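Keep the structure open while you read.

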Amino acid sequence: MRYSIISKGLTPAQIEVEAKRIGARNITKTMLLGQLFCELDDGQVRRLSQVPGLQVKPVKEFRTEQLLMQAAVPPAESVSDVFNLLRSYFSPPLTGSGLTVAVLDSGVRKTHESLKAKVIYEVNFTDSPGAGDVFGHGTQVAFCACGGMHGGKAGASPGGSVMNIKVINDEGMGTDETIALGIDEVCKMALKARTQGLYPTDEMYPNVINLSLGAPDDGDPDNPVRVACRKAIDDYGLDVIAAGGNFGPKMTTVTVPACDPEVIAVGGILTLGDIAVWEKSSRGPTVQGETKPDFVIWGTDVEMASEKADDQYVTKSGTSFAAPLLSGLTGLLWESGRRAYGEAWYFRWTDAREFAPYFCTKPQDAAVKKDNAYGFGLPAMGTMLGQIAAPVSGPEQMTEMFPMLMMMSMMAGMMGV
């Protein structure tokens, strides 16, 4: 049976020594995250579990199919229409340029007309051949985040780039191991970009990890995927955005890794019209008692690229697609801030959560504070349709959080689209 070994104080080299000492087989390891995966029998598990500083856990499955709901009819007014309008109100129009989203999913059909030249890096950690999308999920997720404009259809940030990190195989299944290896790869790319002196706007500098996948929350903070997510956030400055799950309206159904306090969990609301949480969108609290999700965005009847042909599109529902819309929105907020405050201005949802009550909107009957259906609410984008406020000159501008506070102040008056 395959197990993950997580360090609780030992170095990666020490973990490997201990694993080899008891005869572990078929060892793979992350380079930066301090995790190792191997085959062990029951006796080896017992001996390795007695080593101080190690935790040994069976490898678990993660799936995307549980976050995939097929819709029958394309909506008359689409999410693409809303984002097209949002971008066009700026002069020149916003595109989300400079954003790179690492899509950890089932692969991407990079020849699709809306994704041509979008995939700037790809790697496959599954047992399926190639990094293409046979299962039919990663292509849709990539489109929602950064799909280019074609026939009036586009993702949230059509000027953004995609790193195709295949961690879900052609049957729609991944594991702790494939996902942790994928996160480790993105961290390596971020470290390489930083070491080379690249700006965060360089296409080879990943900014966001999108995880439209999940497994049941068992309340274990040392779950290998949760550990990997936290390291990516804390040590490499990446936003990790994850689908909350499609198991509502039952409470305590937010999945791993969205259940982790540091991960940005995204729930789904009905597309357009009044803000109303989608019935199937998973609810908190988590098993550990955390209030989740963090944000909600449109998750029903979303039109997106199909993996079947280069000119085909499909309409689907699920928090799998709400998550990349939020990932893509990162690019628009970041680009508009850079225009006002210069290239050094950076936007992270991880930091923005501190101000979320001031720039999110909810139905009047929802809790004012963060709740277990809407989280903080829908990031309200109405006033983004106007020109962003001109930057303030003077010494205040040098204060690190000043641009963020100005942006939050601007967003505080937004009404939901």
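Start with V101, which stands opposite V208 in strand 11. The two strands involved are strand 7 (residues 100-105) and strand 11 (residues 208-211), which pair in the parallel sense over three bridges. Two strands count as paired if DSSP finds at least two bridges between them. Helices (H or I, at least four residues) and strands (E, at least two) are DSSP runs, numbered from the N terminus.

A word on the source. This is a predicted model, in which local features need pLDDT of at least 70 and side-chain atom pairs count only at pLDDT 80 or more, while totals for chains, interfaces and linings use all residues. Residues are numbered from 1 along each chain as its sequence is written, and side-chain values use heavy atoms, with hydrogens and water left out.

Seven strands form an open sheet, in the order 8-9-7-11-12-13-14, with parallel pairing. Strand 8 (119-124) and strand 14 (295-298) stand at the edges. Each has a single partner strand, so one side of each is left without a neighbour in the sheet. On average, neighbouring strands of this sheet are turned by 25 degrees against each other, direction ignored. Strands of a sheet pair through backbone hydrogen bonds, either parallel or antiparallel.

Helices lie on this sheet. Helix 4 lies across strand 7, strand 9 (161-166) and strand 11, and runs at about 160 degrees to strand 7. Such angles run from 0 to 180 degrees between N-to-C directions, and axes are lines fitted to C-alpha atoms, for helices over the stretch in contact. Helix 5 (residues 176-195) also packs on the sheet, where it touches strand 7, strand 8, strand 9 and strand 11. The direction of helix 5 makes about 165 degrees with that of strand 7. Contact here means heavy atoms within 4.5 Å.

T178 and F125 are 53 residues apart in sequence, yet 5.6 Å apart in space, C-alpha to C-alpha. T178 counts as buried, at 11% relative accessibility. Buried means under 20% relative accessible area, exposed over 50%, and partly exposed in between (1.4 Å probe, protein chains only).

Helix 4 has a helical partner too. Helix 4 (residues 138-146) and helix 7 (residues 319-341) pack at an angle of about 35 degrees, with their axes 7 Å apart. Helix 4 supplies Q140, V141, C144 and A145 to the contact, and helix 7 supplies S320, F321, P324, L325 and G328.

Look next at the loop between strand 13 (264-269) and strand 14, where T286 is found. T286 is buried, with a relative accessible area of 5%. T286 touches D217, T252, C259 and K292, not counting residues up to four places away in sequence.

A hairpin gives an antiparallel example. Strand 2 (residues 25-29) and strand 3 (residues 35-39) run antiparallel, joined by three bridges. R25 stands opposite E39 in strand 3. Five residues lie between the two strands of the hairpin, and G34 in the turn has a positive phi of about 70 degrees.

Finally, the whole chain. The protein has 10 helices and 18 strands. Of its 417 residues, 60% count as buried. Among contacts between residues at least 6 apart in sequence, 78% join residues at least 24 apart.
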